[in-house]
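Visitor: Could you walk me through this fold and tell me what stands behind each term?

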Amino acid sequence: MLALFAWAASAAAQQRPLDTQDPETIGAGRVLLEGGISGAHNISYPASGFKGDLWQLPVVGVNVGISSIADLQITGGPYNYMSITSRQPAPLAGVVTATGDSTSSVEDITIGAKIRLLPETGGTPSIGFRFATRLPNASRKSGIGQDTTDFGASLLLAKTVQSIRVVGNFGWVSMSEPLEGTRQNDVLTYGLSFARAVTSRTEIVGEINGRASVRTGAAAIGTESRGRLKLGGRFTQGPVRFDAAIFFGLNAVDPTVGFMTGVTYVFNAFKVP
């Protein structure tokens with residue numbers, strides 16, 4: 001049990017396949033590279049009226065430990081492909097250039113930073129803070145991009161109890177409205193995850209993660225509430241970790257079901273002066 005506890009604490013900062021952010025960092029001078037593929041069935045894009053199956057090939061991420069308590073984070077992807085199963089009347093349908101039964105685009109790049117404010121102790125959780133900006137790399141002409149920029153911040157908490165790591169996030173994101181660029185919708189973000197060590201190399205993970213519009217009445221198109229319930233596992237071999245998970249959507253615009261799999265590699269890259 002002591003060995004599982006120590007392993008769980010040292011591996012806590014490795015995220016995949018979870019989206020809920022752990023306040024622990026990867027360590028000064030270390031670099032974390034991650035990549036994977038995902039497929040989402042029956043996902044909706046209300047701005048373009050598209051509904052179909054989305055493939056992300058791949059989603060990549062880079063975390064750089066710029067100090068013992070801070071990470072720089074960059075995520076994105078070169079290719080998103082959607083098989084269109086239906087088209088509905090929508091505000092931006094006339095802008096879309098995809099005329100067949102499929103469309104593609106790059107994934108928006110997200111740049112952020114995570115700072116651990118307080119370390120975990122025997123009786124208190126670790127506490128951190130994260131802020132990030134999503135850039136408008138995916139074009140609205142594809143039907144799966146919005147050409148908008150978002151900024152958000154969140155409070156991160158985590159505690160390890162025996163072989164179980166529990167992490168919680170709570171924050172907000174200011175989302176630009178695709179139909180009216182001078183307006184924004186401030187939505188709440190949330191996340192609650194667990195990682196249970198089964199052996200020294202294997203763990204079971206799960207989470208509920210998403211965003212919730214708190215505006216009175218219907219949310220602006222493109223800023224709707226979205227969320228996912230995810231269950232999966234991870235296997236670690238030295239500096240390499242493999243992961244896989246299935247997920248289920250929590251809202252009407254979310255995918256009904258999907259899966260993801262990928263790999264993470266951590267190494268010492270440089271010395272912090």
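Guide: Gladly, starting with pairing: two strands pair if DSSP finds at least two bridges between them. Helices (H or I, at least four residues) and strands (E, at least two) are DSSP runs, numbered from the N terminus. This is a predicted model, where local features need pLDDT of at least 70, side-chain atom pairs count only at pLDDT 80 or more, and totals for chains, interfaces and linings use all residues. Residues are numbered from 1 along each chain as its sequence is written, and side-chain values use heavy atoms, with hydrogens and water left out.

Visitor: How do you know that β2 pairs with β3?

Guide: At least two bridges are required, and 13 join β2 to β3 (residues 70–87), running antiparallel. One of the partners is Ile84 in β3, bridged to Gly52. A hairpin with four residues links β2 to β3.

Visitor: What makes β1 and β2 a pair?

Guide: Twelve bridges connect β1 (residues 30–45) with β2 (residues 50–65), again antiparallel. Here Ile43 has Gly52 of β2 as its bridge partner. These strands form a hairpin too, and Gly49 in its turn has a positive phi of about 85 degrees.
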